[in-house]
Amino acid sequence: MTVRAGRGGWTARFAARTERMRPSEIRTLLKRTAGSDVISLAGGLPSPATFDVGAFAAAAERALVRDGRRALQYGPTDGRPELRAWVAERTPGATPERVLITSGSQQGLALLAQVLIDPEAPVAVAAPTYMGALRAFDPYAPRWLPVATDADGMRPEALEAALAQRPAFLYVIPDFDNPTGSRMTLERREALLDAAARHDVLVIEDAPYRELRFEGEELPTLHELAPERVAHLGTLSKTLAPGLRLAWVAGPEALIEALQRAKQASDLHTSTFVQAVALEAVAEGALDRRLPELRVHYRARRDVLVDALAVEAGDRLAFEPPQGGMFLWARATDGTDTTRLLGAAVDAGVAFVPGAAFYPAGAPADRLRLSYSLPDDAGLREAARRLRTAFDAPAARP
Ligand SMILES: Cc1ncc(COP(=O)(O)O)c(C=O)c1O
């Protein structure tokens, strides 16, 4: 018997929300450039040179030898208690009961969207902001309230106007933002929380790059300043390894409980095996030992790219060197449309992400995000040279 697909194809049967599940432009682009000799400044992938493979091998062995049956059994939805206690210890303002272990911060964002966004509910986000957050929120059909930013993060007047509309929440990346690399000053953090309190708005603080600080003092997290108003997302992706898919949300208890119910329906719990391995690794000091090295590693990458751009791009690109994280955000000073430039860049052998991808609406055409996390010194210098070739190419012009 022949089994035939639904008449008109199955896509006609998909729920309406699938129309809002667009593929990530970054992933499509990475696929196109993978395996070629295009140097990618596009993805935010941590450098595999920083992965301590030996420490994970030892941690996995210890996890199995010590309590292998527990590491291989189902576990509680909110996560392994010892891991939640470890997170709470490192997250000022949190207690273990107010922590949910998630499969990557990306799952945290998806669960928050599921729990907090009704169709047409206003949602305030920085413009630009993390594309993965826009993708996680979009299927729930929010009404975007984009908040304009400057070098210090969200602009106070724009923030005030957005919060006055009482959004379902405000999403913000205060430390070494993706895509802008900027860090919110202490005054702005306090003013943001003051405005959020006046308008009674929940704040989602996404902090994957917080520990990758090259310069400047450590500033308090929003969660630390207002634990009852802020859900804080942390992750091991940018510090230990993204393949672990190990992250957490710390926040008000009622919210954590709701997220836990959503997570139960989604995947029951984050891999008990991965949690056991990660716990062994961090208990043995893998993270604290690595952080100083990581900061040196990524700071050196930033310096090479900043210097190479100064030599190759001259005054064609305007940018502030980031003080941490993995991203440099630039503006083409002659107004070049960076989506058009990307075609010429890939021809010249370098990839980046056009800035327009990071805006929920109303994107300027002349911004671009360059990640310095992956290539080595020679690769970053060559990438900058290729970028200059792309700028000079007729294909980059209208
Ligand atoms: C701002 C931001 N949030 C969340 C994530 C996702 O992190 P995870 O690997 O923990 O899912 C990323 C990854 O690039 C990110 O840049």
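Across the whole structure, a search finds 29 salt bridges, each being a side-chain nitrogen of Lys or Arg within 4 Å of a carboxyl oxygen of Asp or Glu. This is a predicted model, in which local features need pLDDT of at least 70 and side-chain atom pairs count only at pLDDT 80 or more, while totals for chains, interfaces and linings use all residues. Residues are numbered from 1 along each chain as its sequence is written, and side-chain values use heavy atoms, with hydrogens and water left out.

Select Arg84 and Asp78 to begin: they form a salt bridge whose closest N and O atoms are 3.2 Å apart, and both residues are buried (under 20% relative accessible area, where exposed means over 50% and partly exposed lies in between, with a 1.4 Å probe and protein chains only).

Next, select Arg98 and Glu228, where the closest N and O atoms of the salt bridge are 2.8 Å apart. Because Arg98 sits in the loop between helix H3 (81–90) and strand E2 (99–102), and Glu228 in the loop between helix H8 (222–225) and strand E8 (230–235), the pair ties together parts that are 130 residues apart in sequence; helices (H or I, at least four residues) and strands (E, at least two) are DSSP runs numbered from the N terminus. Arg98 counts as buried at 9% relative accessibility, whereas Glu228, at 58%, counts as exposed.

Now move to Arg213 and Glu218, whose side chains meet in a salt bridge at 3.7 Å, N to O.
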